[in-house]
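This briefing covers a predicted model.

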Amino acid sequence: MKIYNPRFLSHSRVRFAIQPFKGMSPLVQGYGKYWNLVFIILCLSLISCIKRYEPDIKSQDAVKFVVSGQVNKGDEIQRINVSTTSPVSQSQYFPVTGCVVKILDDKGNSYIAVDKKDGNYEAVIPQTALIPGTAFKVDIVTPGGVNIVSDFDQMHDCPALDTVYYRLDSLPSSNPLVFTKGIQFYTNLDAQNYNSRYFKWEITETYEYHSTFPIEWYYDGTVHHILPPDKSKMVCWKTALIKDVFTLTTKNQAVNKYDKVPFHFVDNVSSRRLLYGYSLLVRQFAVSEAAYAYWEKIRTNSNEQGGLYTRQPMVIKGNMHNLTHPDQDVLGFFEATSVTSKRIFVQKVENLPLDSSPECSADQANILRGGLKAIPYWAYPAYLAATDYGYIVILLEPQCYDCTKSGGNTVKPAYWPY
């Protein structure tokens, strides 16, 4: 009996999987079709026996406390966040409120943090107490009586942020013949007069964007015309923290200096962030060696692309400890840093073509083939596309007439220069 390798089987070829050898008796050959039937049944049985894997997670490992925060020389308010991990089947943020949170230094001073009721706690520490060389730690008591503390982390002085700039660049796309154009941001580090050798950068972007249409026509059982058209939600600004981690050490360099520290890349098409105006706020931190090691592991894990030969993600151990239940890990890191910052604005990048076509055009909207009566009542008010002569029976997506639906707001930032 000849059996083919199952790896090369497909549903269209299962019936050829078992064939009688030449030379078999006619009786055996006559039962060939039954062998094929048996083989198909066996294959289907194996496929149907796939069982969903439910990991056996111990109760003490299922939910862990997560603490993050820092004391920054240069910030008026010091912030700590306390939360718990979410179950595997339910990914969401679980803040822990009602904690008693204190920041302690190695000089015997204690600073109480105020509960902001969303898992965030804020403390005010005089700048005169934020001296490089001083070490700080956080002490937390949860409503359930669990005492969580961090190790002391020593504050280092941070050099001024030298400059933030960009260069035109192109990155490969999924098509090897097509490259995506954009700008790559950089900074230069000059810490020659400082003892700090470990650095981290935090980047926040803000950009202006527009909706395509003003609010002019809408339907809620009756057609309404707004005159003049409402343009109050056509221009928005969106601010977001770049989630990438940027770290650097000059420990093994003779000179405490580094040129062209790379940040992130912004393309000229997919996000349209460069079309009307773009701003970048860069915060530079001088961190301890322990904090650098922690953030470097996070950066390495975040940058792993996955694949057959990719190494397993590193287990990231912070400096937090559960004194009440020492066998239960606490995730996160509490650090003492110094910070300097600088903002850059970008508009009309030379030699960089931008896609200025409307994001929402009439042919991209929802054509109501059944007329206005096709709009269900729960969609009221339904906004319609306008022309110079009236409205078109085309239902607009919310982001086409209300820029806030894309995550921004209509309040122009005070620092916006355009």
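Cysteine 158 is buried, because its relative accessible area of 6% falls under the 20% cut-off. Cysteine 99 also counts as buried, at 8% relative accessibility. A search of the whole structure finds 1 disulfide, and its partners are cysteine 236 and cysteine 403.

**Disulfide**
- The sulfur atoms of cysteine 236 and cysteine 403 lie 2.0 Å from each other.
- The torsion about this S-S bond is about 65°, so the disulfide is right-handed.
- Cysteine 236 sits in strand E17 (residues 235-241), whereas cysteine 403 belongs to the segment after helix H5 (398-401); the pair therefore ties together parts that are 167 residues apart in sequence.
- Cysteine 236 is buried, with a relative accessible area of 0%, and cysteine 403 is buried at 1%.

**Nonpolar cores**
- In soluble globular proteins, nonpolar side chains tend to be buried together.
- The largest nonpolar core of this model has 29 residues.
- Ile183, Phe185, Trp201, Phe263, Tyr278 and Val282 have the most contacts inside this core.
- At least two residues of the core come from each of strands E13 (179-190), E14 (198-210), E18 (246-249), E19 (257-267), E20 (278-286) and E22 (330-346).
- Strand E14 gives the most, with 5 residues.
- Another core, of 26 residues, lies apart from the largest one and includes Tyr111, Ala113, Tyr121 and Met320.
- What is isoleucine 183 in contact with, leaving aside its neighbours within four places in sequence? The residues are Tyr166, Arg167, Leu168, His264, Phe265, Val266, Leu274, Val346, Val349 and Leu352.

**Cis peptide bonds**
- The peptide bond from leucine 227 to proline 228 is cis, with omega near -10°; proline 228 is placed in strand E16 (residues 223-230).
- Tyrosine 380 and proline 381 are also joined by a cis peptide bond, with omega about -10°. Proline 381 is found in the loop between strand E23 (366-367) and strand E24 (382-387).

**Positive phi in residues other than glycine**
- Lysine 260 has phi near 60° and is located in strand E19. Its relative accessibility is 44%, so lysine 260 counts as partly exposed.
- Asparagine 351 has phi near 65° and is located in the loop between E22 and E23. Asparagine 351 is exposed, because its relative accessible area of 64% is over the 50% cut-off.

Terms used. Residues numbered from 1 in each chain as written. Predicted model: local features only at pLDDT ≥ 70, side-chain atom pairs only at ≥ 80, totals over all residues. Heavy atoms only, no water. Core = buried A, V, L, I, M, F, W, Y, C linked by side-chain atoms within 4.5 Å. Buried < 20%, exposed > 50% of the residue type's maximum accessible area, 1.4 Å probe, protein only. Helix = DSSP H or I, 4+ residues; strand = E, 2+ residues; numbered from the N terminus. Contact = heavy atoms within 4.5 Å. Disulfide = S-S within 2.5 Å.
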